[in-house]
Amino acid sequence: VTIEVGIAHVRRGALVGDEDGSPRLRALAAALPELLATRGGRLDAVDDLLFVSREHVHLAQRDGNDRSRALVAVATRDRPLGLILSEARARWAELARP
Amino acid sequence: MTSIPPSIPADAPLLVRATELLSAIEDLPEDAAGVVRYGAHGLVLIEGGAVCWAVARGMKQRLTELLRHQRNPPLPRPFMEDLFDECRRTGAHLGEALLKSGEVSETGLRTAIFRHTAEAIAHIARSGERKGLFAPHARSGYDARFVFTPPELLASLGARQDRALAAAARLELDRVRVPDASGVGFLRGAGGSLPAIVAVDRDPTLRIPDWLEVASWTAGILDLCEVFDPGGNLASGSLRDGSSVVAWRSHETYFAMCCRTRAAAALVLARLEKRTMS
């Protein structure tokens, strides 16, 4: 699976530290303030989002340990969604490892 | 079954009025049973948050005509008149007598009562009356098979904008629905107006404002999906309470499936993902 993962600041909408992601990953990080914004309704507390197109899968998920951050991933659509999600979670776990 | 078209087209102003009228009914206490009167324009019988019956001034469609047309060819008028007379004499309920006669099925009876009720709601909404006067009554025990939720009635009015598209939306929800999930199909409103709900599942936990919020979120999230990748038309969001919303689009119709569990959302996504494969 061609997949790229990263950690981003939810409010700033930027990848953490000096991570140099692809334009797609940076665009996803930049949209986080809007994507995970608090709106005050029933759908207030969106914790993770998935976007699927014919070519790509975009994922954003709030970090359970630090809610000011989110795990982001972009993958090419070359496998079933379930496998892509598993791969993204495994890669995020690696990233979170000290 | 033959078809009698509805007499009032559902334009945006009518849908706004109907939304207000039906939302006000939803706001009545859950155990309320009685009648909501809209001046001289009509009345709605409600029980336990459901609409049991409605009638409005100026309605051209009569229930007996709708009932006749649940058969193809329509039931003969003399048959209906005889049955009606008998019910009047004996005090029997017309619907029950029809079912007993075997000439109209339970589905046909439900369809006829639903259409009559929706037509009445459209008439009352068009009159401009939004909040009626509620008066409780002692009678209760309407047959649960023949009562309707406010979102169902609103969807039936929205469906008047494009009946073929609404029928396709209902089929789409049937194809995608899984246990622990309920869905909505809608058309986006032009220029920021309310979305027109054209199909909705029965779900006692979701009221009209909830469905409208889900629709608004769905439209927004699919816009973002399209920004990330032109042609992107499937998205999902999970909430902190473990529930999820899966959103997708099929041509001009937008859909959302509210899933009470992540497992249900995964199943819905699995059903939809093949459509977006390259």
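Which residues does I197(B) touch, not counting residues up to four places away in sequence? I started my notebook there.

**Ground rules.** I am working on a predicted model, where local features need pLDDT of at least 70, side-chain atom pairs count only at pLDDT 80 or more, and totals for chains, interfaces and linings use all residues. Residues are numbered from 1 along each chain as its sequence is written, chains are lettered from A and ligands numbered from 1 in written order, and side-chain values use heavy atoms, with hydrogens and water left out.

**Entry 1: I197(B).** I found I197(B) in strand β6 (residues 196-200) of chain B. Strands (E, at least two residues) and helices (H or I, at least four) are DSSP runs, numbered from the N terminus. I197(B) touches L154(B), A155(B), G158(B), A159(B), V184(B), G185(B), F186(B), W211(B) and L212(B), leaving out residues up to four places away in sequence. Contact here means heavy atoms within 4.5 Å. I also checked A155(B): its C-alpha atom is 5.0 Å from that of I197(B), although the two are 42 residues apart along the chain. I197(B) has a relative accessible area of 5%, so it is buried. The cut-offs are under 20% for buried, over 50% for exposed and partly exposed in between, with a 1.4 Å probe and protein chains only.

**Entry 2: α1(B) with α8(B).** L212(B) came up again here, on the α8(B) side of a helix contact. Helix α1 (residues 12-26) and helix α8 (residues 208-228) of chain B have axes that come within 9 Å and cross at roughly 125°. Axes are lines fitted to C-alpha atoms, for helices over the stretch in contact; angles run from 0 to 180 degrees between N-to-C directions. The pair is therefore oblique. Under 35 degrees counts as roughly parallel, over 145 as roughly antiparallel, 65 to 115 as roughly perpendicular, and the rest as oblique. T19(B), L22(B), S23(B) and E26(B) of α1(B) meet I208(B), P209(B) and L212(B) of α8(B). By class, I noted four nonpolar, two polar and one charged residues. Nonpolar covers Ala, Val, Leu, Ile, Met, Phe, Trp, Tyr, Cys and Pro; charged covers Asp, Glu, Lys and Arg; the others, Gly among them, are polar.

**Entry 3: α3(B) with α4(B).** Next I took α3 (residues 77-90) and α4 (residues 94-101) of chain B, which pack at about 125° with axes 10 Å apart. These two are therefore oblique to each other. F79(B), M80(B), L83(B), F84(B) and C87(B) of α3(B) meet L94(B), A97(B), L98(B) and S101(B) of α4(B). This contact has eight nonpolar residues, one polar and no charged.

**Entry 4: backbone.** Most residues other than glycine have a negative phi, and most peptide bonds are trans. I looked for exceptions. N72(B) and P73(B) are joined by a cis peptide bond, with omega about 0°. P73(B) sits in the loop between α2 (63-68) and α3 of chain B. D180(B) has a positive phi, near 65°. That residue is in the loop between α7 (163-176) and β5 (181-187) of chain B. At 41% relative accessible area, D180(B) is partly exposed. H251(B) also has a positive phi, near 55°. H251(B) lies between β8 (244-250) and β9 (253-259) of chain B, in the loop. Its relative accessible area is 66%, so H251(B) is exposed.

**Entry 5: chain A.** I counted two helices and five strands in chain A. From the N terminus on, the order is β-β-α-β-β-β-α. Of its 98 residues, 47% count as buried.
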